[in-house]
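Dear colleague,

Please find the structure below, handed over for your records. My notes on it follow.

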Amino acid sequence: MDTSTDNRTPATATIRPDGSGVVVIDGRTELIAESTVERARARAIGVLVTHAAEQDRPVSVVSKDPSGTAHLVVNPNGNVEESTTPLPAQREMEMAPEVS
């Protein structure tokens with residue numbers, strides 16, 4: 001299995017306080033509609049893990065929710081970890097849509 005996330009544009013996962021959100025991976029958009037932020041996070045991670053498994057490589061993700069913004073790596077085996085190579089601040093803000 002490839003363990004690098006390469007230089008592709010990171011996926012984005014945006015979760016709103018009402019449990020709605022969106023995951024964007026390689027230009028594909030998946031809407032999320034859950035009853036809580038926690039459930040929406042779990043759903044977003046599920047979408048990202050599925051994509052990572054299909055590609056057989058980790059996926060770099062800019063995640064934004066009511067608690068803040070994080071740069072994560074989602075692995076095909078379901079492990080999620082904070083990235084050790086964060087995106088530059090300006091690019092991070094461009095990649096992660098605003099949460100309202």
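A salt bridge is counted where a side-chain nitrogen of Lys or Arg lies within 4 Å of a carboxyl oxygen of Asp or Glu. The model is a predicted one, in which local features need pLDDT of at least 70 and side-chain atom pairs count only at pLDDT 80 or more, while totals for chains, interfaces and linings use all residues. Residues are numbered from 1 along each chain as its sequence is written, and side-chain values use heavy atoms, with hydrogens and water left out.

Under the salt-bridge rule, the count is 2. In one of these, glutamate 30 pairs with arginine 43 at 2.6 Å, N to O. This pair links distant parts of the chain, 13 residues apart: glutamate 30 belongs to strand S3 (residues 28–33) and arginine 43 to helix H1 (residues 37–55). Helices (H or I, at least four residues) and strands (E, at least two) are DSSP runs numbered from the N terminus.

Arginine 41 and aspartate 65 also form a salt bridge, at 2.6 Å, N to O. Here helix H1, holding arginine 41, is linked to strand S4, holding aspartate 65, across 24 residues.

As to accessibility, buried means under 20% relative accessible area, exposed over 50%, and partly exposed in between (1.4 Å probe, protein chains only). Glutamate 30 is partly exposed at 29%, as is arginine 43 at 36%. Arginine 41 is partly exposed at 32%, whereas aspartate 65 is buried at 10%.

Strand S4 (residues 59–65) also contains serine 63, which is buried at 15%.

Yours sincerely
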